[in-house]
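Trainee: Could you show me how to read the packing inside a protein? I would like to start with a single helix.

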Amino acid sequence: MLLDAASLYFRAFYGVPTSVTSPDGRPVNAVRGFLDMTARLVTAHSPDRLVACWDDDWRPAFRVAALPSYKAHRLSPDGGEETPDELGPQVPVLVDVLAAAGIARVGAPGYEADDVIGTLATRARGPVDVVTGDRDLFQLVDDARGVRVLYTNRGIADIEVVDEAAVAARYGIPGRAYADFAVLRGDPSDGLPGVAGIGAKTAAALVTEFGDLAGIRAAAARTVVPKAPLTAAVLKRLHAGGDYLDAAPVVVAVARDIDMPAVEGSLPRRPADPDALAALADAHGLRSSLGRLGAALGWPADALG
């Protein structure tokens, strides 16, 4: 089970009220929501490995070089990612809690969590559950290899299992064609404009007819007599968007071969540092959430003292 950590703690922050606070009054809603979600997922799906995948770089230089608009709307004045004031201080707390609990947390310099997930999913020898609220990771779904997405649809409790059939049903495209579909349609949440004038319906028709972006562009280059889905208007839009179509696949495609160490990720059967975890639990009011996580992981009843 690979957790898209930033996606989950943002989702937890917005799904759990900020009135959930530590004993000294600081919000801990994102931390508690993250821990409670993880406990439910482990209980429901019984993974034998668990990795929290981290954004070491939320806006990698290679993606910005290809498409400067990539996530540009999320930049804060200091050049970092714009984050709610009440969320920022919770992230280091979560880092400390994961370390003390013994849950693997893995990032890679110059890459997003998506890329860490793509690499670990590609390396995996067995089935993989990717937990995320980011549709970009639908491109990893692969029924033959048992890779699916547990999509956090709303809040922290509504989880949708996404396999190839679910992708096909939702978007009207072949199950593994999400990346090319996303390039064509665009994604405003990531600053990805898409091909001007080509919406989801046309993008789906093109991908279904020609298989992938390379097939679409090859067909557009050789088409003399327009015919649906390559109508005259669509051909004009594809040709006008040529520069964008050259750049965007680098931005959308999840890296699957990062040079990073092997990750064990075995579920911790007891906290890695019980004293530190107990201190964090008391300082931040996390005993109930950590109790639920410990029960899901099979910790002894006295794990937190």
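Mentor: Happy to! Start with helix α2: its buried residues pack against β1 (2-4), α1 (5-15), α4 (90-101), β4 (128-132), β5 (147-154) and α13 (287-297). Contact means heavy atoms within 4.5 Å. Helices (H or I, at least four residues) and strands (E, at least two) are DSSP runs, numbered from the N terminus.

Trainee: What kind of model is this?

Mentor: This is a predicted model, where local features need pLDDT of at least 70, side-chain atom pairs count only at pLDDT 80 or more, and totals for chains, interfaces and linings use all residues. Residues are numbered from 1 along each chain as its sequence is written, and side-chain values use heavy atoms, with hydrogens and water left out.

Trainee: How many residues of α2 are buried?

Mentor: Buried means under 20% relative accessible area, exposed over 50%, and partly exposed in between (1.4 Å probe, protein chains only). In α2, 12 of the 17 residues are buried, so the helix is mostly covered. Among them are Phe34, Leu35, Met37 and Leu41. Just after α2, Ser46 has a positive phi of about 50 degrees.

Trainee: What span should the 17 residues of α2 have?

Mentor: The expected span is 1.5 Å times one less than the number of residues. For α2 (residues 29-45) that gives 24 Å, and the end C-alpha atoms are 24 Å apart, which agrees.

Trainee: What is a nonpolar core?

Mentor: It is a set of buried Ala, Val, Leu, Ile, Met, Phe, Trp, Tyr and Cys residues joined through side-chain atoms within 4.5 Å. Here the largest has 59 residues, and Leu184 and Leu238 have the most contacts inside it. Helix α7 (residues 178-185) gives the most to this core, with six residues. Domain 1 (2-173 + 255-297) and domain 2 (176-252) both contribute, so the core lies between them. Those domain bounds come from an automatic or database domain assignment.

Trainee: Which residues does Leu238 touch?

Mentor: Leaving out residues up to four places away in sequence, Leu238 touches Leu184, Val195, Ile198, Ile216, Ala220, Leu230 and Leu245.

Trainee: At what angle do α8 and α9 pack?

Mentor: Axes are lines fitted to C-alpha atoms, for helices over the stretch in contact, and angles run from 0 to 180 degrees between N-to-C directions. Helix α8 (residues 200-210) and α9 pack at about 90 degrees, with their axes 8 Å apart. That makes α8 roughly perpendicular to α9; angles under 35 degrees count as roughly parallel, over 145 as roughly antiparallel, 65 to 115 as roughly perpendicular and the rest as oblique.
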